[in-house]
Amino acid sequence: ALGSGADGVIEMGSARLLGNCLPQFEAVASAFEEGFSSGREVGASVAVWRDGEWVVDLWSGHADRRRTQPWREDTLACFFSVSKAITATCVLQAADQGMLDLHAPVARYWPEFGQSGKQDVTVAQTLAHRAGLPGLHEPIDRELLFDWDAMCNALAAERPWWLPGTKHGYHARTFGFLAGEILRRASGKRVGQWLADEICGPLDLDVHIGLAPAEQQRCADMIPARVKPGEQRQWPAAMRRMLQDFTDPSTPTGAAFQNPSLKPGYMNSAAFRAAELPALNGHGTARDVARLMGSVPQLLSPQIMREATQTHSRGPDEVLKSVTRFGLGYMLYADESPIGWPGCFGHAGAGGSVAFCDADRKLGFAFIMNQMQEGVVTGGTSATCLLYTSPSPRDSYADLVCRLLLENGGGG
């Protein structure tokens with residue numbers, strides 16, 4: 001394999017890539033390298049798991065802003081809303097094991113939830129961003145976001161922003177509390193524990209929701225987007241509407257993202273890394289996230305897989321304002337909000353991270369970085385607004401992998 005010598009180093013362009021890449025996927029390595037030689041990336045990893053093996057497993061760059069700490073094979077990075085796909089997989093496994101019924105009211109498992117007009121909200125509607133709870137109406141202190149019971153109590157008492165089941169809107173932060181509390185009530189386990197026991201333990205994966213102090217030492221520092229004068233993008237109407245509401249917590253968009261507002265650099269704090277925020281603070285390596293996503297068809301029964309990857313929500317999003325498409329917790333490919341290529345499911349995360357599965361090709365893909373990209377606010381908009389103007393080079397990864405798979409026999 002390309003770069004699979006004793007040192008696992010690929011010298012390409014001006015960058016030094018570490019890891020392995022099969023020769024027929026050298027174009028992916030070239031695209032990855034270009035991110036560093038152009039100055040877009042600081043540190044990153046990319047991986048493709050196909051039919052039981054890694055055909056791409058690369059990392060490069062630095063784990064810190066000052067570029068003093070190299071990005072290593074076991075460097076962990078926050079992949080933000082990619083966490084939602086992993087959390088959904090945990091809940092779907094519990095359904096597979098008979099612990100919960102996807103079409104039952106949430107209140108069957110979480111009785112306190114059945115107030116304020118939410119008595120008929122189902123588990124499936126919640127996973128599909130249809131519960132009408134993208135945020136809280138009343139302002140809350142930022143410390144509450146790190147208090148699981150307090151957040152769940154607030155959501156149980158909350159009135160919906162729209163009639164549940166009639167519309168959908170991206171539950172940017174609340175998705176994790178809602179899905180996670182359903183799982184805890186039904187199984188007795190929180191998402192982080194389920195993930196460790198049922199997925200990462202058996203598969204030996206380095207993926208976490210809620211990091212122990214010892215693991216935090218391996219974390220890359222996330223670097224907010226750099227916006228230079230004159231480089232601000234000209235967003236289309238839907239994105240402008242979202243940005244207009246973004247800072248107004250009296251709107252579903254503002255409530256979803258800014259109630260509470262978080263301090264700059266919050267994602268590098270020990271408190272954030274240690275907390276269990278299943279919608280937004282998963283940490284891992286691209287290698288293991290790619291394998292996890294590629295293993296979803298083995299982790300779930302065919303029946304649950306079919307239901308989870310069919311369209312449950314599609315159309316104008318009450319929070320993101322653009323057209324989005326969701327299955328049960330998974331983003332699904334749509335021309336307006338592409339994730340991978342047609343037939344893929346997964347999730348994108350703030351700043352540019354993305355992971356997805358192509359079940360037909362027995363493939364999992366993940367790209368995780370620490371230099372966040374301007375304008376990419378959430379998992380939902382990573383997959384939509386990157387393509388609003390000319391495609392970002394990061395968008396080329398999925399197209400490139402798809403083309404290479406087609407050129408090499410369809411990928412398994």
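**Helix packing and local backbone features**

Leaving aside neighbours within four places in sequence, His 137 is in contact (heavy atoms within 4.5 Å) with Glu 158, Arg 159, Pro 160, Trp 161 and Asn 259. The structure is a predicted model, in which local features need pLDDT of at least 70 and side-chain atom pairs count only at pLDDT 80 or more, whereas totals for chains, interfaces and linings use all residues. Residues are numbered from 1 along each chain as its sequence is written, and side-chain values use heavy atoms, with hydrogens and water left out.

His 137 is placed in the loop between helix H3 (123-127) and H4. Helices (H or I, at least four residues) and strands (E, at least two) are DSSP runs, numbered from the N terminus. The side chain of His 137 makes a polar contact with the side chain of Glu 158, at 2.2 Å. A polar contact is a pair of N or O atoms within 3.5 Å; within protein, one must be able to donate a hydrogen and the other to accept it, and residues adjacent in sequence count only if both atoms are side-chain atoms.

In H4, the residues Trp 148, Ala 150, Met 151, Cys 152, Leu 155 and Ala 156 are buried. Buried means under 20% relative accessible area, exposed over 50%, and partly exposed in between (1.4 Å probe, protein chains only). The cover over these buried residues of H4 includes H5.

Two packed helices are described by the angle between their axes and the distance between the axes. Axes are lines fitted to C-alpha atoms, for helices over the stretch in contact, and angles run from 0 to 180 degrees between N-to-C directions. The axes of helix H4 (residues 148-157) and H5 come within 10 Å and cross at roughly 95°. H4 and H5 are therefore roughly perpendicular to each other; angles of 65 to 115 degrees count as such, while those under 35 count as roughly parallel, those over 145 as roughly antiparallel and the rest as oblique. On the H4 side the contact is made by Trp 148, Met 151, Cys 152 and Leu 155, and on the H5 side by Thr 174, Gly 176, Phe 177, Leu 178, Gly 180, Glu 181 and Arg 184.

Helix H5 (residues 174-187) also packs with helix H2 (residues 82-96), at an angle of about 20° and with the axes 10 Å apart. That makes H2 roughly parallel to H5. Lys 84, Thr 87, Ala 88, Cys 90, Val 91 and Ala 94 of H2 make the contact with Phe 175, Ala 179 and Leu 183 of H5.

His 347, in strand S11 (residues 345-348), is buried, with a relative accessible area of 0%. A polar atom of the His 347 side chain lies 3.3 Å from the backbone oxygen of Ser 81.

Most residues other than glycine have a negative phi, and most peptide bonds are trans. Arg 67, although not a glycine, has a positive phi of about 60°. This residue is found in the loop between strand S4 (53-61) and strand S5 (77-78), and Arg 67 is partly exposed at 40% relative accessible area. Asp 204, also not a glycine, has a positive phi of about 55°. Asp 204 lies in the loop between helix H6 (191-203) and strand S6 (207-209) and counts as exposed, at 66% relative accessibility. A cis peptide bond, with omega about 5°, joins Asn 259 and Pro 260. Pro 260 is placed in the loop between helix H9 (252-258) and helix H10 (270-274).
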